[in-house]
Amino acid sequence: MKKTKIIFLILIATVVTSFFILKTVKKNVETIINLTTEEKIADYEYLCDILNKSYPFWMEVEADGIDIEEVFDYYRETIHKSNTDIEFMKEIKSFLKEFQGYGHLSVLDGYQYQYYVNTINSSRGTLTESSRRWIDTSFAALFNPTSIKTYSMLDQSRLGFRSKKGLKDKYNKEITNEDVGEQLPSKDDNNLSFEIIEDGKIAYIKINTFEWSNIEKDRQMLIDFYKEVANYQHLIIDIQGNTGGSDSYWEDLIVAPNIEKPLYFDRYYLINNNNFISPYLEARFDKSQIHSIETLPKFENLSNEVLDYFDHYIVQESRVKPMGEILFNGDIWVLIDESNYSSAENFLIFTKNTEFATLVGKPTGGDGGVDPILFSLPNSGLIIRFSMLYGLNNDGTGNEARGTLPDIEVSENNDALTESLLHIK
């Protein structure tokens with residue numbers, strides 16, 4: 001009996017010792033920049049201050065029934081209790097996720113960080129001067145020394161926050177655009193599919209993403225198909241499931257080849273112009289485009305609550321010029337759904353306001369506007385992103401919350417393609 005008791009006590013001691021050893025090893029692996037509790041809290045308070053003053057989508061968050069102050073208080077405590085740098089980063093991610101991703105609000109992990117860096121480096125040579133100025137300002141956080149050091153210590157092979165310490169050799173490498181494409185939208189060999197639905201009358205194109213890296217690959221295939229079906233009566237462009245990418249994709253590859261004169265309209269954005277936001281505004285817009293909220297034209301469905309929240313608005317002309325000779329002469333139908341977002345949303349806003357095509361499907365996901373801004377937290381170098389502009393639909397509703405409404409909404413038990421064919425026939 002005594003011998004059994006001794007063995008049992010030895011086993012307990014071994015388990016406890018192993019637990020503490022593993023805990024110590026984990027802490028050593030996940031502590032990569034040696035943040036103190038005070039530095040973590042300082043970063044958190046810095047983030048909260050910027051969000052309180054500059055994040056434009058709190059009304060949408062509150063409309064979802066989220067108690068903002070309660071969330072702020074809860075994560076202040078969890079961050080205070082975080083033991084390692086990686087735990088801190090995961091808490092920041094969870095904190096931002098509480099607000100449902102309105103306006104792209106999120107923190108970049110190592111995977112997403114390298115994706116941004118690769119995309120900017122590969123596209124810089126093709127950008128206009130104004131685009132370069134915007135990139136250099138809005139994405140400057142990527143290249144500050146603190147962020148470079150922090151992200152160099154994170155696993156960049158997979159989504160999520162992981163330390164490079166102890167990482168297997170096959171993962172511990174610099175990531176390429178092709179690697180990123182495994183989990184994030186990037187170059188896609190199957191981005192396009194084509195179909196003749198009715199010979200001589202109805203043609204169909206499916207476009208999965210407007211990702212920048214697909215532009216040159218897809219350009220000639222699209223142009224050739226437009227020419228092939230130039231005399232058809234109808235062209236259906238299906239972007240259901242397309243979450244965006246680059247505005248240049250739809251401007252250069254969808255609209256410009258199929259118009260005979262410029263199409264344009266004025267877009268309105270609301271904003272709080274403060275010391276934090278001002279440099280981003282100046283990099284993107286001329287002073288003549290920025291106005292005091294008191295002079296905003298009246299919109300049918302723009303509430304006083306929204307007007308009271310912002311102090312300035314921006315008017316930006318969205319314009320696309322013809323590529324040259326129009327390639328497709330018939331009617332264009334665009335199939336849409338709730339997953340359309342970001343630059344896909346920009347395409348649909350443009351289409352809705354210029355009547356470039358007929359939209360068929362379901363209300364979209366919203367957030368059409370300019371690229372989200374990036375900024376870094378001073379101690380950790382973590383990079384946060386969100387859209388700085390509150391975009392308005394043409395009736396004054398917020399585009400982030402309402403999205404774009406189709407011209408023809410799918411009826412019960414129908415899909416968007418079937419619905420469009422019913423109207424065509």
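Asp407 has 42% relative accessibility, so it counts as partly exposed (buried means under 20% relative accessible area, exposed over 50%, partly exposed in between, with a 1.4 Å probe and protein chains only). This is a predicted model: local features need pLDDT of at least 70, side-chain atom pairs count only at pLDDT 80 or more, and totals for chains, interfaces and linings use all residues. Residues are numbered from 1 along each chain as its sequence is written, and side-chain values use heavy atoms, with hydrogens and water left out.

Asp407 forms a salt bridge with Lys352, with the closest N and O atoms 3.3 Å apart. A salt bridge here is a side-chain nitrogen of Lys or Arg within 4 Å of a carboxyl oxygen of Asp or Glu. The pair links distant parts of the chain, 55 residues apart: Asp407 lies in the loop between α15 and β13, Lys352 in helix α14. Helices (H or I, at least four residues) and strands (E, at least two) are DSSP runs, numbered from the N terminus. Lys352 is partly exposed too, at 27%.

The salt bridge count comes to 10. Arg76 and Asp73 form one, at 2.9 Å. They sit 3 residues apart in helix α4, which means a separation of about one helical turn. Glu45 joins Asp73 and Arg76 in a network of salt bridges. Asp155 and Arg158 also meet, at 3.1 Å, N to O. Asp155 is buried at 0%, whereas Arg158 is partly exposed at 24%.

Now the strands. Two strands pair if DSSP finds at least two bridges between them. Where does β3 sit, buried or exposed? 6 of its 6 residues are buried, so strand β3 is largely enclosed by the rest of the structure. Both faces are covered: Ile202, Tyr204 and Lys206 are buried on one side, Ala203, Ile205 and Ile207 on the other. Strand β2 runs antiparallel to β3, joined by 6 bridges. Phe194 has Ile205 as its bridge partner. β2 and β3 form a hairpin with 3 residues between them, and Gly200 in the turn has a positive phi of about 80 degrees. Strand β4 runs parallel to β3, with 5 bridges. There, Tyr204 stands opposite Ile236.

Elsewhere, an open sheet of 4 strands has the order β6-β7-β5-β12, with antiparallel pairing. Its edge strands, β6 and β12, each pair on one side only. Between β5 and β7 there are 9 bridges. Tyr269 is partnered with Ile314 in β7.
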